[in-house]
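Here is a short report on one protein–ligand model.

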Amino acid sequence: MITGWPCGVRSDTTCGDAAVAGIGNVSGMLATFVTSLSPDDPLSALQVGHRPSPVVPDGWARVRVKAASLNHHDLWSLRGIGLPADRLPMILGCDAAGIDEDGNEVVVHAVIGDPDYRGDETLDPKRSLLSERYQGALADEVVVPRRNLVPKPASLSWVEAACLPTAWLTAYRMLFTQSGLKPGDTVLVQGAGGGVATALIRLGSAAGMRVWVTSREQDKRERAIDLGAAQVFDSGARLPDRVEAVMETVGAATWTHSVRSLRPGGTIVISGATSGPNPAATELNRIFFLQLRVIGSTMGTREELGRLLRFCEITGVRPVIDCVLPLEEARDGFAKLEAGDVVGKVVFTRP
Ligand SMILES: NC(=O)c1ccc[n+]([C@@H]2O[C@H](COP(=O)([O-])OP(=O)(O)OC[C@H]3O[C@@H](n4cnc5c(N)ncnc54)[C@H](OP(=O)(O)O)[C@@H]3O)[C@@H](O)[C@H]2O)c1
């Protein structure tokens, strides 16, 4: 243990250890991080404490984080999914909004690609998300390639802006780039409470789509109506009609229902599998016989993030926020997400 770093944020917080030497100076900053993985009990791997302030490579920028939001990705990281042990210690977090060294208010695009790659950066074979190879955003400071900074519209608060780079960007690309949906079409969103699900409901309804939503819980179905859903259903319930497209992030638990809910020629856009990757029935016969399209989707480009920010400005749509906590209380936010006890985003703030 290196002594002398500010510590004692909470009784359960931890200072960094000698393994971080060389990452940066020892002035220290508050961060949530992981030093050893826990596939079965992710919260036991979570640390909230102090880490060295990051160094800034040429062409990169330091951002003083004002707000950072939590994603299911951070729970996967604690379990070691997408984060091998040889990359530890790792600061968690993909999403941040803050102030760069020139005083600009920025939103951080979390897809870190090869600087020589040209084209859609989500297709760059060398891409990673913040906190997979490079230290993440749930901290006082984050360092990213300068091209990953997108100007924050003044009309969005820090907390709102910090919700957009992962869950909301993913929802934007699923709906507006990948699905082929048009205003007036009917789209089924599987799950109501998640960060991506709430974004899909808000964005789809604002864009003139009829949004149908499933959820396991009555109170979340009621919240979905408040957010703009036209109709809500218990998970797996029979629908009154078949839909043009399904937005799928739940995976095994809802996949069969998703395939059976589509019109001939309809599209499933899938960006996650929270309940597992192996559904009981894959419905291959139905997929080819009804000529269904299954489209994978991951994150979004910097340009799409810029368009999402403008969409929010123009329409007045704002992210759905479950709770806002100081970063010192990050453990409470992680516990809420792990329990599935959220409607919208969990956001952490810094002074
Ligand atoms: N590919 C990408 O770029 C990308 C980007 C963002 C997220 N993702 C992935 O997408 C998934 C969702 O992310 P998130 O941040 O929105 O996570 P989250 O907040 O944990 O949301 C989980 C969602 O899944 C639903 N759900 C969970 N278990 C279920 C079950 N057994 N049956 C029915 N519904 C269930 C919940 O619905 P109810 O509680 O309402 O029932 C909720 O809407 C995660 O797997 C994440 O890794 C991928």
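In which loop is the place of V317? V317 sits in the loop between α8 and β18 (321–326). Helices (H or I, at least four residues) and strands (E, at least two) are DSSP runs, numbered from the N terminus.

The model is predicted: local features need pLDDT of at least 70, side-chain atom pairs count only at pLDDT 80 or more, and totals for chains, interfaces and linings use all residues. Residues are numbered from 1 along each chain as its sequence is written, and side-chain values use heavy atoms, with hydrogens and water left out.

V317 counts as buried because its relative accessibility is 9%. Buried means under 20% relative accessible area, exposed over 50%, partly exposed in between (1.4 Å probe, protein chains only). Leaving out residues up to four places away in sequence, V317 touches W168, R202, A206, F311 and C312. Contact here means heavy atoms within 4.5 Å. P115 is 202 residues from V317 along the chain, and their C-alpha atoms are 33 Å apart.

**Nonpolar cores.** A nonpolar core is a set of buried Ala, Val, Leu, Ile, Met, Phe, Trp, Tyr and Cys residues joined through side-chain atoms within 4.5 Å. The largest has 46 residues, and W168, M247 and L308 touch the most other members. Elements giving two or more residues to this core include α3 (164–178), β15 (243–248) and α8 (302–315). The largest share, 8 residues, comes from α3. M247 has contacts beyond four places in sequence with residues including M174, L188, L200 and V269. A second, separate core of 43 residues includes V63, L75, A96 and A110.

**Cysteines.** A disulfide is a pair of cysteine sulfur atoms within 2.5 Å. By this rule there are 0 disulfides. C312 is in none; the nearest cysteine sulfur, that of C163, is 9.8 Å away. C312 is buried, because its relative accessibility is 0%. C323 has its closest cysteine sulfur in C163, 10 Å away, so the two are too far apart for a bond. At 17% relative accessibility, C323 also counts as buried.

**Ligand site.** The ligand is surrounded by 27 residues (a heavy atom within 4 Å). The closest are H72, W76, R216, S271 and M299.

| Residue and atom | Ligand atom | Distance |
|---|---|---|
| G195, polar backbone atom | oxygen | 3.0 Å |
| R216, polar side-chain atom | oxygen | 2.8 Å |
| S297, polar backbone atom | nitrogen | 3.3 Å |

Taken alone, the ligand exposes 920 Å², and the protein buries 87% of that. These areas come from the Shrake-Rupley method with a 1.4 Å probe.

Notes
Polar contact = N/O pair within 3.5 Å; in protein donor to acceptor, adjacent residues only side chain to side chain.
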